[in-house]
Structure formats: structure tokens, C-alpha cells
Amino acid sequence: MTLDQLRPLSDRLLAPFVAASVRLGLTPNFISVLALLVAGGAAGAFYLGGSEPVWYVGAAGLVFANGWLDLLDGGIARELGTDSSAGDLLDHVFDRYADLLLLVGLAAGIDRWDLGVAAITGVLMTSYLGTQAQAVGLDRVYGGLLGRADRLALMGFGALLAAVVTDPVSGLSVIGWLLVVFAVVGHLTALQRFYYAMGDLAGNGSDPGEEST
């Protein structure tokens, strides 16, 4: 089970923060921009953590803040009744840029661009398959082995571990292994989403060859 499946619980826990944000006059778009800026800060902290591991503690805090803000913007939009396709598009675009910033920060900090590219492609394909299912008439897919909430949780706790475990493990640092996980499990998640989407299309009598991007 992925953390994305805990959305109903997170929505209940988020309710007081949504109410407070509405009273303060905060908008979903403002929160989305703030989340992206926080992700940029986390990326910088990851980069600095490559030489000074104590920065990984700050990176972890900013990663968790990004995840929290990502939930908050949707909650505010629903509370205000302003959720829309435009807002959904903005949120997803900013999420992808946030993902890229975080992964680039991780890779740059340990100077392992090979692992970084593998992780980035895995993460982007996971997200792509999730939304492409919706584009061909299915529900948007959030499940699989590693959704965005799972990635942020692993990234945050991995950063905390990297702050205290500085010696390589089988030739790679904790951050290096984290990138390996994102690369391997990310591509597996993308393939898993593809498999289930194709199955649903076949069950609905749809021709997967009718839609291409």
C-alpha cells in the first residue's frame, strides 16, 4: 500500500490547517508557489549536504514541508470551491518541477549524475503514466509501488539517515542508494501503472492504439 492511499486520513488531519489558511486569506495558488520555493530550498540543502551532512537535516524538514503544502493547496481549493482544471494543471506542473529540483539537488550533492538521470526518468515516467491514464478516459492513477507521497517520505527519512551515516555502504552513500531506489522502483511503478491501465482499457473494449503522445 502506498501513502497516496491514505489521502482520506490526511484530509481529516489537514482540516484545521485548511480552515486557518482560509481565515488568513491564503489562496491555493499562493500555497503552490510556496511549495515550489520550499522544494528549491530543499534542493539547495541537499547540494550542501554532500559536503556538510548536517544540511541533510534541514533538507528533510523542507521536504516534509513541501509534502504538507502540496496537500494544503488542494484542501484550500476544495474548501473555497475554487478547484478547477487550471488549478489542477498548475499544481501538477509545480509538483513536477519540485520533483526535478529535489532529485537534481540529491545528485549534485554527491556528484552522481548517472544515478540522478536514472532517478529523474523513473519519477517522471511514474507521474506521466498516472496522468496519461486519465487522458485516455480512465481514472487518474495514484497507486503503484512508489507514489509521490512515498517518494517524499523516503527522501525525508533518507536525508535524516544520511546526516548520521556518512560512510559508504557497498560503495554508495545513503543518498546514492536513495537515488537507486527512486530509479529502479520508479520505473517499476511506471510499468505497473501501464499494465493496469492497459488492462482497464482492454476490459472497457478500448483500443490503446487510438491514443498516442
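## Exercises on a predicted model

The residues lining the largest cavity are Ser32, Ala35, Leu36, Asn66, Asp70, Asp73, Asp91, Phe94, Asp95 and Ala98.

**Exercise 1. State which elements give two or more residues to the lining of the largest cavity, and describe the lining by class.**

Step 1. Helix H2 (28-49), helix H3 (55-80) and H4 each give two or more residues to this lining.

Step 2. H4 supplies the largest share, four residues.

Step 3. Sorted by class, the lining holds four nonpolar, two polar and four charged residues.

Step 4. The volume of this cavity is about 50 Å³, and the model has two cavities of 30 Å³ or more.

**Exercise 2. Describe the second largest cavity by its volume and its lining.**

Step 1. The second largest cavity holds about 30 Å³ of space.

Step 2. Its lining is made up of Asp99, Leu103, Val123, Arg151, Leu152 and Met155.

Step 3. H4 and H6 are the elements that give two or more residues here. The largest share, three residues, is from H6.

Step 4. By class there are four nonpolar residues, two charged ones and no polar ones.

**Exercise 3. Decide whether Thr126 is buried or exposed, and list what it touches beyond four places in sequence.**

Step 1. Locate the residue: Thr126 sits in helix H5.

Step 2. Its relative accessible area is 2%, and buried means under 20%, so Thr126 is buried.

Step 3. Leaving out residues up to four places away in sequence, Thr126 touches Leu146, Arg151, Gly186, Thr189, Ala190 and Arg193. One of these, Arg151, also lines the second largest cavity.

Step 4. Gln192 is 66 residues from Thr126 in sequence, while their C-alpha atoms are 9.1 Å apart in space.

**Exercise 4. Compare the "transmembrane region" record with the helix content of the model.**

Step 1. An unreviewed UniProt entry places this feature at residues 30-48, 54-72 and 172-191.

Step 2. Residues 54-72 are 95% helix and 0% strand, with end C-alpha atoms 28 Å apart.

Step 3. Residues 172-191 are 90% helix and 0% strand, with end C-alpha atoms 26 Å apart.

**Exercise 5. Identify where confidence is highest and lowest among the helices named, and where pLDDT stays under 50.**

Step 1. The chain averages a pLDDT of 86, and 88% of the residues score at least 70.

Step 2. Confidence is highest in H2, at 95, and lowest in helix H1 (residues 7-24), at a mean of 80.

Step 3. Over residues 205-213 pLDDT stays under 50, and the model has eight contacts beyond four places in sequence for this stretch.

Step 4. Where pLDDT is low, predicted coordinates should not be read in detail.

Methods. Residues numbered from 1 in each chain as written. Predicted model: local features only at pLDDT ≥ 70, side-chain atom pairs only at ≥ 80, totals over all residues. Heavy atoms only, no water. UniProt positions renumbered as here; feature names shortened; annotations may be inferred. 1 Å grid on protein atoms, 1.4 Å probe; cavity = no way out; pocket = protein on both sides within 12 Å on 5 of 7 lines; lining within 4 Å. Points joined across faces, edges and corners; volume = space filled by probe spheres on them. Nonpolar A, V, L, I, M, F, W, Y, C, P; charged D, E, K, R; others polar. pLDDT = per-residue confidence, 0-100. Contact = heavy atoms within 4.5 Å. Buried < 20%, exposed > 50% of the residue type's maximum accessible area, 1.4 Å probe, protein only.
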